Amino acid sequence: MLTAVEYLLDALHKLTGLPTSTHVPAKPPPVFIRVEPSAPEAYSPAYDKVFMIVEVYGRWQDMEKVLETIYRCRDYLRFTISTDYPAIVGWDEMSGPHELNDPDIEETHTRWQLAGHAYQALT
């Protein structure tokens, strides 16, 4: 069984064609997606709920692509992921896209993020 974060990483990579990871690479590509999960929480006997932050990083000169990508990810998570990945039965957004730059690479890259809960079927 895959974890919810593995499903999201795969889904967002297929959606955008961009590199996806749970960490910031030592040599960041021009635009990439990072998904930061928390520990799963038992929502019911059949489902887990996992809080995740989805971040789109990009060079400052790629701001248009960063914004297009974060909003595309948002719509996909809200409306489509459960169709493509039936184990992810829903997404509940907690905060919409907003800029929150990463102090480690803010000289070269901007970061936009959204956060929510992914609901994963356990069977």
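**View 1. Strands β5 and β6 side by side.** In this predicted model, strand β5 (residues 88–99) pairs with β6 through eight bridges, and the two are antiparallel. To find your way along the pair, look for glycine 90: its bridge partner in β6 is tyrosine 119.

**View 2. Strands β4 and β6.** β6 also pairs with strand β4 (residues 47–59), again in the antiparallel sense, with 13 bridges joining them. A handy spot to look at is tyrosine 57, which sits opposite arginine 111 of β6.

**View 3. The largest nonpolar core.** This core has 29 residues, and the ones touching the most other members are Leu8, Val35, Met52 and Val54. At least two core residues come from each of α1 (4–16), β2 (31–37), β4, α2 (63–79), β5 and β6. The top contributor is α1, with eight residues.

**View 4. Zooming in on valine 54.** Setting aside neighbours within four places in sequence, valine 54 is in contact with several residues, among them Leu8, Leu12, Val35, Ile70, Trp91 and Trp112. Its contacts also include Arg34 and Gln113.

**View 5. A nonpolar patch on the surface.** Here Tyr43, Tyr47 and Val89 come together in a patch with about 290 Å² of accessible area between them. Tyrosine 43 belongs to strand β3 (residues 41–44).

Terms used. Residues numbered from 1 in each chain as written. Predicted model: local features only at pLDDT ≥ 70, side-chain atom pairs only at ≥ 80, totals over all residues. Heavy atoms only, no water. Patch = residues over 30% accessible without salt bridge, like charges linked within 9 Å, V, L, I, M, F, W, Y side chains within 5 Å. Areas by Shrake-Rupley, 256 points an atom, 1.4 Å probe, with all protein chains shown as cover. Salt bridge = Lys/Arg side-chain N within 4 Å of Asp/Glu carboxyl O. Helix = DSSP H or I, 4+ residues; strand = E, 2+ residues; numbered from the N terminus. Pairing = 2+ DSSP bridges. Core = buried A, V, L, I, M, F, W, Y, C linked by side-chain atoms within 4.5 Å. Buried < 20%, exposed > 50% of the residue type's maximum accessible area, 1.4 Å probe, protein only. Contact = heavy atoms within 4.5 Å.
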